[in-house]
Amino acid sequence: MSQQPHEPRAHGGPPPPGAPPYPRDRSPRPPVTADLRLLLRLTVASFVMALLGSAVGFLTAPEQTTALGPAFDTVVLVGSVLLGLGVTAGLYALVYFPLREQRQWAWILGIVLASMALLGTLANAALLLVVPTGVSAGLLTSALKAVVDVAWLVVAVRPGVRAALR
C-alpha cells in the first residue's frame, strides 16, 4: 500500500512539499474556566495597583537637590518612572497575553513574578513604616497591591486554572 502525499510518513523522512518542517501544535484547547478568567482579571488589577503605586511614589517623592540642580533631578525622576512603567507593562503583558492563550509557561512565569512582586511590596511597606515619611498613601497602595498579589497567587494554584492550561 503506498502512502498518499498528505499522509504522515511512518518512518520519519522529509515532510511532503508545502508542509511545515515541524509538526504544528494541533492539540485542542481546554475550555476556559471561571478560575482562569478570575486570574486574568486579577492580573489586570495587579497591574493597575502597580501603576497606582508608581503614581503615588512619583507624586510624593521628596525633592532632592544635587550639585547638578533640581531640573536635572526632575528629568532623572521622570525618566526613571517612565522606564519603570515600561518594564512593568512589558512584564505584565508577558504574563497576561500568553495566559489568555492558556499557555502553561505564562502561568509559571506569573507565579514567579507575583511572588517577587509580593516580596518587593512587603519590603517597600516595611520601609515606609520604618522611615517616617508622613505619607499614608504609599502604605495604602502597598497594602492593596499585597492583597491583590496574594489573591493572584491563591487563585493561580486552584485546580480550575491548571485544567484550563495547555
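Colleague: In which helix is confidence highest?

Modeller: This is a predicted model, where local features need pLDDT of at least 70, side-chain atom pairs count only at pLDDT 80 or more, and totals for chains, interfaces and linings use all residues. Residues are numbered from 1 along each chain as its sequence is written, and side-chain values use heavy atoms, with hydrogens and water left out. Confidence here is pLDDT, the predictor's own score for each residue from 0 to 100. Its mean is lowest in helix 2, at 88, and the highest mean, 93, belongs to helix 5.

Colleague: And what is the mean pLDDT of the protein?

Modeller: Where pLDDT is low, the predicted coordinates should not be read in detail. Here 78% of the residues reach 70 or more, and the mean pLDDT of the protein is 83.

Colleague: Which pattern does the protein follow along the sequence?

Modeller: Helices and strands are DSSP runs numbered from the N terminus, with at least four residues of H or I for a helix and at least two of E for a strand. The protein has five helices and zero strands. Read along the sequence, that gives α-α-α-α-α.

Colleague: Is Gln102 buried or exposed?

Modeller: Gln102 sits in the loop between helix 2 and helix 3. Leaving out residues up to four places away in sequence, it touches Arg29, Pro30, Pro31, Val32, Leu36, Ala164, Leu165 and Arg166, where touching is a contact, meaning heavy atoms within 4.5 Å. Leu36, for its part, is also in contact with Leu99 and Val161, among others. With a relative accessible area of 1%, Gln102 is buried.

Colleague: How many residues apart in sequence are the parts that Arg29 and Glu101 tie together?

Modeller: These two form a salt bridge, which means a side-chain nitrogen of Lys or Arg within 4 Å of a carboxyl oxygen of Asp or Glu; their closest N and O atoms are 2.2 Å apart. Arg29 lies in the segment before helix 1 and Glu101 in the loop between helix 2 and helix 3, so the pair ties together parts separated in sequence by 72 residues.

Colleague: Of Arg158 and Asp35, which one is buried?

Modeller: Their side chains meet in a salt bridge at 3.0 Å, N to O. Arg158 is in the loop between helix 4 and helix 5 (159-163) and Asp35 is in helix 1, so this pair links parts 123 residues apart in sequence. Arg158 counts as partly exposed, at 33% relative accessibility. At 19%, the buried one is Asp35.

Colleague: By about how many helical turns are Asp149 and Lys145 separated?

Modeller: The structure holds three salt bridges, and the side chains of Asp149 and Lys145 make one of them, at 2.8 Å. Asp149 is buried at 2% relative accessibility, and Lys145 is buried too, at 8%. They are four residues apart in helix 4, so the separation is about one helical turn.

Colleague: Why does Leu59 count as exposed?

Modeller: Leu59 lies in helix 1. Together with Phe58, Leu77, Val78 and Leu82, it makes a nonpolar surface patch of about 450 Å². (Patch residues have over 30% relative accessible area and no salt bridge; like charges are joined within 9 Å, and nonpolar side chains, meaning Val, Leu, Ile, Met, Phe, Trp and Tyr, within 5 Å; areas come from the Shrake-Rupley method with a 1.4 Å probe, and for residues only the protein chains shown count as cover.) Leu59 counts as exposed because its relative accessibility is 70%.

Technical notes
Buried means under 20% relative accessible area, exposed over 50%, partly exposed in between (1.4 Å probe, protein chains only).
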